[in-house]
Amino acid sequence: MGFPKGFLWGGATAANQYEGGYISGGKGLAVADTITGGDGIHGIQRKIYLELADGTKTSVGNREEVPAGAKAYVDPDVYYPSHVATDFYHHWKEDIALFAEMGMNVYRLSINWTRIFPHGDDEVPNEEGLQFYEDVFKECHKYNIEPLVTIYHFDCPLYLANEYDGWVSRHTVDAFEKYCRTIFTRYKGLVKYWLTINEININTNFMMNGVHEHISNKQNAEQCRWHLFVGSALAVTIGHEIDPNNFIGLMIAHGATYPYSCNPEDVMCEIETAHTQKWFYGDVLCRGYYPAYKVKELEREGIVIHKEPGDDELLKKGVVDFYSFSYYSSATYAAHPEQIKQVEGNQVRGLQNPYLKASEWGWTVDPVGLRVNLNQIYDRYQLPMMIVENGLGAIDKVEEDGSINDDYRIDYMREHILQMKKAIEIDGVDLIGYTPWGHIDVVSAGTGEMRKRYGFIYVDKDDDGNGDLSRSRKKSFFYMQKVYKSNGEDLD
Ligand code: BGP
């Protein structure tokens with residue numbers, strides 16, 4: 001009963017939200033380094049400053065479209081949260097010691113592509129960058145923490161975005177292939193758990209993938225998707241070839257989706273939304289080909305994807321070893337949504353669920369939805385699963401004595417872990433690991449804020465960059481320590 005022996009308990013971060021050192025040690029710029037902070041509670045988007053093809057300067061919101069030919073740049077007078085972030089680059093030893101103290105036996109982190117290849121496609125890799133991660137992985141092993149490495153987490157090299165339209169171009173896939181070969185070779189024996197592309201299902205815009213015209217030009221969006229799939233399949237194939245012990249998974253933002261009502265039209269609406277939003281990506285990466293509903297959609301839209309010879313075979317060969325996903329919330333979908341209140345979520349919007357409450361950022365809190373997901377995913381693919389992001393973004397108050405009493409976060413964690421336990425014990429799903437998001441405070445991906453904190457470890461930094469970056473343990477740190485050290489048995 002309960003969690004299996006050897007269950008992976010951990011935490012998760014991404015380089016561009018955590019590392020800082022944005023041009024230290026030979027690192028080049030990623031698109032993420034050109035995105036300002038925003039304000040999620042008041043709906044103010046993060047911004048990207050651009051130089052248009054005719055030389056004029058402008059800016060767009062991070063969800064908006066970047067026009068063809070525009071180049072993003074770093075404005076010296078603007079504050080960019082990724083530049084220092086919460087400074088793992090200078091705190092990694094101290095942080096990994098804290099992770100070990102919390103009882104983690106796995107740590108999900110991403111490699112910043114531009115730390116290894118500053119432009120994305122350089123002739124030779126940057127040794128200082130390679131060495132940095134090697135030191136980090138060795139430090140993890142010192143404490144028996146397995147690194148779980150995301151190869152690509154929202155950090156398209158700026159050069160590839162500006163000059164090649166990011167993942168729309170085959171050049172980016174070729175550069176990615178070389179990057180994969182380099183890191184699989186260098187970290188052989190140090191890393192065995194890998195994720196190819198973070199949240200591959202919400203990745204067609206400029207911020208994530210350097211894609212210009214991602215809304216008005218459907219061809220661009222579909223071509224980018226195809227290239228991401230090819231990139232993921234290449235990563236799996238190369239990873240297995242270099243070391244057959246590598247265990248390589250996909251990563252999908254997999255919120256739970258429900259029909260708003262039992263009206264069959266709402267049910268059908270949910271099926272279509274779920275296909276587009278999430279299943280399409282799992283279907284391709286677990287089975288190795290486009291599902292029928294996508295083939296029909298492309299036919300209807302008159303979109304023809306440009307493929308290279310051998311791509312289709314590659315997709316089949318490069319299917320993943322396991323399914324990983326982020327889970328924060330659920331939403332409902334209706335055929336006639338006009339009168340129903342909209343809710344926010346992890347990069348997607350849906351409709352309110354009258355049975356559930358939401359976080360301060362409007363993300364619906366739904367622990368049972370996690371069990372629903374685990375069942376649906378396992379029914380569909382029968383692959384081992386990891387939940388590689390989950391958690392509550394909230395504003396924390398530091399008391400006079402320095403303590404942070406985040407009981408709301410403890411409640412969220414307890415309820416979700418309980419549902420995982422039920423899914424294992426009652427439903428028999430093959431869940432092998434859990435790495436809550438931002439177990440140490442990091443910059444928010446969606447809003448660029450610091451005050452939207454997920455951590456069990458607090459970092460002293462605010463939305464304007466003030467703070468001494470010191471670390472402290474929140475109340476939830478001790479709760480998670482108890483959970484991890486009891487292998488998920490002690491949840492009180
Ligand atoms: C996912 C990302 C993470 C992370 C998380 C929380 O989309 O993979 O990078 O940030 O969501 O989202 P946010 O930071 O917007 O609260």
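Reader: In which sense do strand E1 and E5 pair, and over how many bridges?
Author: This is a predicted model. Strand E1 covers residues 8-12. In E5, Tyr107 is the bridge partner of Gly11. The pairing of E1 and E5 is parallel, over three bridges.

Reader: Which residue in E6 stands opposite Tyr107?
Author: E5 also pairs with strand E6, residues 146-152. That pairing is parallel too and has five bridges. The residue in E6 opposite Tyr107 is Pro147.

Reader: Are the residues of strand E5 buried or exposed?
Author: In a regular strand, side chains alternate between the two faces of the sheet. On one side of E5 sit Val106, Arg108 and Ser110; on the other sit Tyr107 and Leu109. Both faces are covered. Five of the five residues in 106-110 count, so E5 is largely enclosed by the rest of the structure, and its residues are buried.

Reader: How many residues apart are Asp95 and Arg471?
Author: Their side chains meet in a salt bridge, 2.8 Å from N to O. Asp95 belongs to helix H2 (residues 88-102), and Arg471 to strand E17 (residues 471-473). The pair links distant parts of the chain, with a separation of 376 residues.

Reader: Which helices does the salt bridge of Lys475 with Asp407 tie together?
Author: The closest N and O atoms of Lys475 and Asp407 are 2.8 Å apart. Lys475 has 37% relative accessibility and counts as partly exposed. Asp407 is partly exposed at 34%. Lys475 lies in residues 475-485 and Asp407 in residues 407-425, so the pair ties together parts 68 residues apart in sequence: helices H14 and H13.

Reader: What is the relative accessible area of Arg451?
Author: Arg451 and Asp463 meet through their side chains in a salt bridge, at 3.8 Å from N to O. Asp463 is in the loop between E16 and E17, and Arg451 in the loop between E15 and E16, twelve residues apart. Asp463 is partly exposed at 30%. Arg451 is partly exposed as well, with a relative accessible area of 23%.

Conventions
Residues numbered from 1 in each chain as written. Predicted model: local features only at pLDDT ≥ 70, side-chain atom pairs only at ≥ 80, totals over all residues. Heavy atoms only, no water. Buried < 20%, exposed > 50% of the residue type's maximum accessible area, 1.4 Å probe, protein only. Helix = DSSP H or I, 4+ residues; strand = E, 2+ residues; numbered from the N terminus. Pairing = 2+ DSSP bridges. Salt bridge = Lys/Arg side-chain N within 4 Å of Asp/Glu carboxyl O.
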